[in-house]
Protein chains: 2
Amino acid sequence: MTKTNVNIFIISDSAGETASKLAQASVSQYEDLDITFTHQTFVSEKESLLQALEKAKELNALIIHTLISKEFIAIANDYCQENGLFCMDLLSPLVNEISNRTSIEPKRIAGAVHSLNQEYFNRITAMEFAVKYDDGKDPKGFLDADIVLLGVSRTSKTPLSLFLANKNLKVANLPLVPQASIPKELWEMDPAKIIGLTNNPEILNKIRQERMKAYGLSPDTAYSNIDKIQEELAYAQDLYDKLGCIVINVADLSIEETASIVLDELNLNSHFGVG
Amino acid sequence: MTKTNVNIFIISDSAGETASKLAQASVSQYEDLDITFTHQTFVSEKESLLQALEKAKELNALIIHTLISKEFIAIANDYCQENGLFCMDLLSPLVNEISNRTSIEPKRIAGAVHSLNQEYFNRITAMEFAVKYDDGKDPKGFLDADIVLLGVSRTSKTPLSLFLANKNLKVANLPLVPQASIPKELWEMDPAKIIGLTNNPEILNKIRQERMKAYGLSPDTAYSNIDKIQEELAYAQDLYDKLGCIVINVADLSIEETASIVLDELNLNSHFGVG
């Protein structure tokens, strides 16, 4: 049996990120699905909108749009209704409800969420901060950081730092290696801002073996040795105890899940998803 | 007049990222709105779902949910209907339509989009790649990169690299400074993978002046001098011409917009939003 093909059209007068996220989340609920995505983003001309709609009709595609222009919304919704196309107008329900409640009119500016405002520049600063103070490169950054992540190799410090940076948080991270000296800044800072990451030794063993293979080396090195890993983790836990910091075991957690726990622990959840 | 307060509840059995994105995009269409967000994420118990719904009712909140469990969806939707609460069930329309068309049942696994599969690990690899090969740190990375970004200081190379990494693309970047030597790897790689970033001199002048002020220095340094900037930009353009690479002027573009153009130019748009 051949796979069933489903066409999904993302149409937006901005980057279409919200619609893409929704499509991703929905599609991930299926296996053996042959999905074709088409993105018609930054739509600013009526003609390109109509072309996209006609193309979608030809393919009997599912349409998800995040149009904000009143004219474009009407064109898309009317076209889909007249032609019996599946259409999700993502922004209208919430925007209309907010306006009804508050009697404030929406600006209807495409891409307002990406407007080059102070928050946007703060986010860029946070991303640059994460890169600059990744991997213990400069412990002086700890004192300016909102969060400092500690962990032995392969406890997802770097991707977690970047993910949190996207929430406008300044994050530095330090890899823990037994015998290496601990930067004095770690003892000078508020331990409530420190997160100690840990993992199960078996999982680290597997991840590190894979990493060695990817480098074309034998999987069984000192780096991936389970006794060595246990020693590293014990060393890390001992440091976490001394610092009195929060500890999170990232085994089986995705970056998104770990980030959510970090934000909960630090009571920064007002940042989460709205940064 | 006091600001009108609107409460928005994000409820999810996963991280709630899709609902957060939608709320962000909608709220950004308003000024002078006093929004309170509440996140009830990773809901795994009926009790915590009911508690969240009751709290939302007390506050007459707008509810956006991305629940995938059939039981939880029914509880949330029924509760909202019975109590006259505004409720957006984000996943159901698309998931139901896909199932109707394909006769395939959804897995209904919370957080399937974050499952620790190969694609997830590829994304982590891409993020680590971006950090490792940021700022010209190691030009050997150019030969393994999907994209190499070039640009003078403050043309958003770092955040753009990280944003593209989130789409599973391996991105390296190189700051351009007249007189500095150009790494030989740049001439050895496929110029179709190189993107030259540029900006308007007036904008760079303003950004760099702000940066100097942030460092507590005089805004008028050689770094922010307009003649100096024009010289740098001319040098960059000359290099782009020699390489025959794509050039993007990032003036007035957000990172998301620039990323969208990069993906279009490189015909990588199937990655976009679904990576």
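The questions below concern a predicted model.

The model is predicted, so local features need pLDDT of at least 70 and side-chain atom pairs count only at pLDDT 80 or more, while totals for chains, interfaces and linings use all residues. Residues are numbered from 1 along each chain as its sequence is written, chains are lettered from A and ligands numbered from 1 in the order in which they are written, and side-chain values use heavy atoms, with hydrogens and water left out.

Q: Why is V152(A) called buried?
A: Buried means under 20% relative accessible area, exposed means over 50%, and partly exposed lies in between (1.4 Å probe, protein chains only). V152(A) has 0% relative accessibility and therefore counts as buried. This residue lies in the loop between β5 (147-151) and α6 (157-165) of chain A; helices (H or I, at least four residues) and strands (E, at least two) are DSSP runs, numbered from the N terminus.

Q: Is S153(A) buried, exposed or partly exposed, and why?
A: The relative accessible area of S153(A) is 23%, so this residue is partly exposed. S153(A) also belongs to the loop between β5 and α6 of chain A.

Q: Where does the "binding site" label on V152(A) and S153(A) come from?
A: The label comes from an unreviewed UniProt entry, whose annotation covers G151(A), V152(A), S153(A), R154(A), T155(A), S156(A), K157(A) and T158(A). Such annotations may be inferred rather than shown by experiment.

Q: Why are α8(A) and α9(A) called oblique to each other?
A: Angles under 35 degrees count as roughly parallel, over 145 as roughly antiparallel, 65 to 115 as roughly perpendicular and the rest as oblique. The axes of α8 (residues 201-214) and α9 (residues 226-243) of chain A cross at roughly 125° and come within 9 Å; axes are lines fitted to C-alpha atoms, for helices over the stretch in contact, and angles run from 0 to 180 degrees between N-to-C directions. The two helices, α8(A) and α9(A), are therefore oblique. Residues making the contact include L204(A) and R208(A) of α8(A), and E232(A) and L233(A) of α9(A).

Q: Why does T258(B) count as buried?
A: T258(B) has 1% relative accessibility and is therefore buried. This residue is found in helix α10 (residues 255-265) of chain B.

Methods: Contact = heavy atoms within 4.5 Å.
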